[in-house]
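I opened my notebook to look up a few places in this structure. My entries follow in the order I made them.

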Amino acid sequence: MADSSLITVLVTGAGGRTGQIAYRKLKERSDEYVTRGLVRTEESKQKIGGADDVFVGDIRDASSITPAIQGIDVLIILTSAVPQMKPGFDPTKGGRPEFYFEDGAYPEQVDWIGQKNQIDAAKAAGVKHIVLVGSMGGTNPNHPLNSLGNGNILIWKRKAEQYLADSGIPYTIIRAGGLQDKEGGLRELLVGKDDELLKTETKLIPRADVAEVCIQALKFEESKFKAFDLASKPEGTGTPTKDFKALFSQITTRF
């Protein structure tokens, strides 16, 4: 029998760069969590170790993700549409690269329909808490990210966030700043609201720190029914954040 005191957590988007880190961090804490991952392809499953606790499913097809969600306590949503760079860009010639989304993989399908499917399935399964990672910039419809591949990615992410906030399920919505592939745990983390951090010099954050905040959110009531922007001070300035209860307590915004 599984230890009933353990919390069963599903990380969706577990094959992505931030999802892989969150999945690995949870697996390392097997005294607290039973971890599952959801990936889109068998190839992604093998990439993160190919364990039996990694499910293959397509978030755009609600029925394909049901097996992964059955019996979980908590859902961490780290799925996101990914713009592809059009071939033929030559940085030496100046100008900007052009981007596109693959057919069926536009933000409307992945960040809206796909996240809505996850939220609906989680609600039907009686999930107690959903942590959703989005992006800063959602207050500005003219944000440059929305023009990438004509995808309106932040608009669709925001729509999914609103759907979660209206779902009745306890939620934590983390709107991360610019993601960096750097070591986590070395920086002072900053929380904000309404994209105020985007107007400052501190609008970046390591993926590893985002993953850690997702997991810490599972531990504290102070994280629930809250939405916030998340960034970090540069490494070497400030004091690395260790007290996550205090971090979540600073947040007053529900959306």
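**Entry 1: Thr8**

Which residues does Thr8 touch, not counting residues up to four places away in sequence? I noted first that the model is predicted. Then I listed the partners: Val34, Arg36, Gly71, Ile72, Asp73 and Val74. Thr8 sits in strand 1. Its relative accessible area is 12%. Buried means under 20%, so I wrote down Thr8 as buried.

**Entry 2: helix 3**

I moved on to helix 3, residues 62-69. Which of its residues are buried? I found Ile65, Ala68 and Ile69. Why do they share a side of helix 3? They cover an arc of only 90 degrees around the axis, and that puts them on the same side. I recalled the general rule: an α-helix has 3.6 residues a turn, so residues three or four places apart point the same way.

What covers these buried residues of helix 3? The cover includes strand 1 (7-12), strand 2 (33-39) and strand 3 (54-56). Helix 4 (107-124) is also part of the cover. Just after helix 3, I came to Gly71, with a positive phi of about 85 degrees. Gly71 is also one of the residues that Thr8 touches.

**Entry 3: helix 3 against helix 4**

I looked at how this pair of helices is arranged. Two packed helices are described by the angle between their axes and the distance between the axes. For helix 3 and helix 4, the axes come within 10 Å. They cross at roughly 45 degrees. Helix 3 and helix 4 are therefore oblique to each other. I noted the crossing as right-handed.

Which residues meet there? From helix 3, I wrote down Ala62, Ile65 and Ile69. From helix 4, I wrote down Asn117, Gln118, Ala121 and Ala122. Ile65 and Ile69 were already on my list of buried residues in helix 3.

**Entry 4: the nonpolar cores**

How many residues does the largest nonpolar core have? I read 35. Those with the most contacts inside this core are Leu26, Ile76, Ile174, Val213, Leu218, Phe228 and Leu230. Helix 7 (residues 207-216) gives the largest share, six residues.

I then picked out Ile174. Leaving aside neighbours within four places in sequence, Ile174 is in contact with Val131, Leu132, Val133 and Gly134, among others. The contacts of Ile174 also include Val213, Cys214, Phe228 and Leu230.

**Entry 5: loops**

Is Gly168 buried or exposed? At 56% relative accessibility, Gly168 counts as exposed. I found Gly168 in the loop between helix 6 (153-165) and strand 8 (171-176). Gly168 and His129 are 39 residues apart in sequence. In space they are 10.0 Å apart, C-alpha to C-alpha.

Next came the phi angles. Most residues other than glycine have a negative phi. Asn150 is not a glycine, yet has a positive phi of about 50 degrees. Asn150 lies in the loop between helix 5 (144-147) and helix 6. At 69% relative accessibility, Asn150 is exposed.

Phe225 is not a glycine either, and its phi is positive, about 55 degrees. I placed Phe225 in the loop between helix 7 and strand 12 (226-232). At 30% relative accessibility, Phe225 counts as partly exposed.

Notes. Residues numbered from 1 in each chain as written. Predicted model: local features only at pLDDT ≥ 70, side-chain atom pairs only at ≥ 80, totals over all residues. Heavy atoms only, no water. Core = buried A, V, L, I, M, F, W, Y, C linked by side-chain atoms within 4.5 Å. Buried < 20%, exposed > 50% of the residue type's maximum accessible area, 1.4 Å probe, protein only. Helix = DSSP H or I, 4+ residues; strand = E, 2+ residues; numbered from the N terminus. Contact = heavy atoms within 4.5 Å. Arc of directions from axis to C-beta. Axes fitted to C-alpha atoms, helices over the stretch in contact; angles between N-to-C directions. Parallel < 35°, antiparallel > 145°, perpendicular 65-115°, else oblique. Left-handed = near helix turned anticlockwise from the far one by under 90°.
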